[in-house]
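Hi everyone, thanks for making time this morning. Let me put the model up, and then we can walk through it together.

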There are 2 protein chains.
Amino acid sequence: MTLPMTPTITAIERSPDRGRGLARDMRVRWALEEVGQPYEVRVVSFGAMKEPPHRVLHPFGQIPTYEEGDLALFESGAIVFHIAERRAGLLPQDANARARAIAWMFAALNTVEPPIIERGFAFLVERDKPWHAERLPMLEERVRVRLAELSSRLGTADWLDGAFSAGDLLMVTVLRRLSGQGIVEKYGNLAAYVTRGEARPAYRRAFDAQLAVFAATLPTS
Amino acid sequence: MTLPMTPTITAIERSPDRGRGLARDMRVRWALEEVGQPYEVRVVSFGAMKEPPHRVLHPFGQIPTYEEGDLALFESGAIVFHIAERRAGLLPQDANARARAIAWMFAALNTVEPPIIERGFAFLVERDKPWHAERLPMLEERVRVRLAELSSRLGTADWLDGAFSAGDLLMVTVLRRLSGQGIVEKYGNLAAYVTRGEARPAYRRAFDAQLAVFAATLPTS
């Protein structure tokens with residue numbers, strides 16, 4: 001039985017990342033695990049995401065969404081923030097520290113993620129184009145500039161501003177998009193930062209849960 | 001005399017938009033005007049933005065920043081949110097409506113803005129490349145998909161979710177990046193939405209203030 005206020009999130013069926021936790025439901029799962037909030041998951045297909053019933057929840061036809069009683073939310077950043085505001089563990093109590101943690105949430109999504117997405121997008125749709133080889137260094141340079149700046153700010157700290165926060169949670173998920181590609185690895189402190197995030201018990205629980213969704217869609221032998 | 005808690009924001013000297021209000025300080029100015037918060041402006045040059053003293057405030061070497069007593073913030077979305085949280089006028093009181101307005105803030109910056117920035121970026125750095133003509137339709141299609149979805153959700157409403165909010169403020173500034181290019185204009189309700197935002201007295205005051213900064217840098221005749 002589902003208690004009335006247990007939130008339900010959506011995740012994608014057969015994620016193209018094959019369970020590597022790169023889809024945006026991972027962020028929300030991780031946040032829910034950090035604050036100890038049980039949740040339900042409704043899996044939607046690529047096709048269903050673009051259909052009217054899902055678009056009522058998400059105008060841009062994506063996942064994740066978040067439903068809790070009368071409230072329906074979209075945008076992973078907003079959902080993580082909603083979770084962080086309601087339960088302890090993801091935002092500092094001190095007002096100034098809280099505002100700075102929120103600044104890192106926006107920085108992760110609006111400054112660091114876009115060039116990383118663009119680079120991935122070029123691999124996806126332009127890999128066979130004659131210009132791909134010439135564009136790639138430019139795309140990588142844009143990513144490197146942001147990583148160098150982030151690395152410089154992080155320095156020897158464990159997290160971006162004091163204790164682990166929703167800002168770190170989003171930033172780690174953004175940097176994970178580059179995992180195993182030898183890019184983040186050039187910045188020792190950033191690589192360690194990602195590893196530190198992935199080592200959190202809440203991260204592990206969230207990762208295993210999203211992997212189970214992918215594994216369930218594999219044909220049984 | 002400056003009262004201790006009057007916030008100071010940074011804006012760019014000789015903005016490349018030539019005072020059209022497309023730089024990100026416009027968002028913060030508009031938010032401050034909406035809530036009736038007086039503020040100070042410190043103008044920084046392109047070069048100074050990338051130097052250590054400014055990077056203490058903004059790790060990514062950009063504008064705007066926000067300083068208020070002991071607090072220093074960066075990221076326009078986070079600054080607008082900070083302003084909206086502290087003074088009435090930019091977020092609904094109802095908890096669910098407030099969460100949805102925040103979702104629109106993230107949607108503006110993480111879903112709608114990135115493809116618009118990419119298209120602008122291609123014009124800036126790839127216009128003379130042999131592949132530009134072939135890439136452009138793809139870049140425009142990505143923008144069009146988002147605008148069509150946004151137009152569909154907005155429908156005949158004045159604002160995205162009830163009363164004007166910080167979500168509308170950010171979305172209007174994002175759409176304004178396409179002003180006069182015949183793209184937003186294809187969606188009558190979105191064009192009217194932008195015009196509605198620009199007609200707000202707080203918008204006008206903010207626009208005039210940023211234009212005055214640009215005008216002050218022009219050589220006198």
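Which pattern does chain A follow, read along the sequence? Chain A runs β-α-β-α-α-β-β-α-α-α-α-α-α, where helices (H or I, at least four residues) and strands (E, at least two) are DSSP runs, numbered from the N terminus. That gives chain A nine helices and four strands.

A quick word on what you are looking at: this is a predicted model, where local features need pLDDT of at least 70, side-chain atom pairs count only at pLDDT 80 or more, and totals for chains, interfaces and linings use all residues. Residues are numbered from 1 along each chain as its sequence is written, while chains are lettered from A and ligands numbered from 1 in the order in which they are written.

Now the overall build. The radius of gyration of chain A, taken over C-alpha atoms, is 18 Å, close to the 17 Å from the globule rule for 221 residues, so chain A is as compact as a globular protein of that length. That rule is 2.2 Å times the number of residues to the power 0.38. Along the principal axes, the C-alpha atoms of chain A fill a box of roughly 55 × 45 × 35 Å.

On to the partner chain. Here 30 residues of chain A are in contact with 30 residues of chain B, contact meaning C-beta atoms, placed from the backbone, within 7 Å. On chain A's side, β4 (71-74), α4 (76-86), α5 (95-125) and α6 (132-154) each give two or more residues. The largest share, 13 residues, comes from α5(A).

Note on methods. Contact = placed C-beta atoms within 7 Å.
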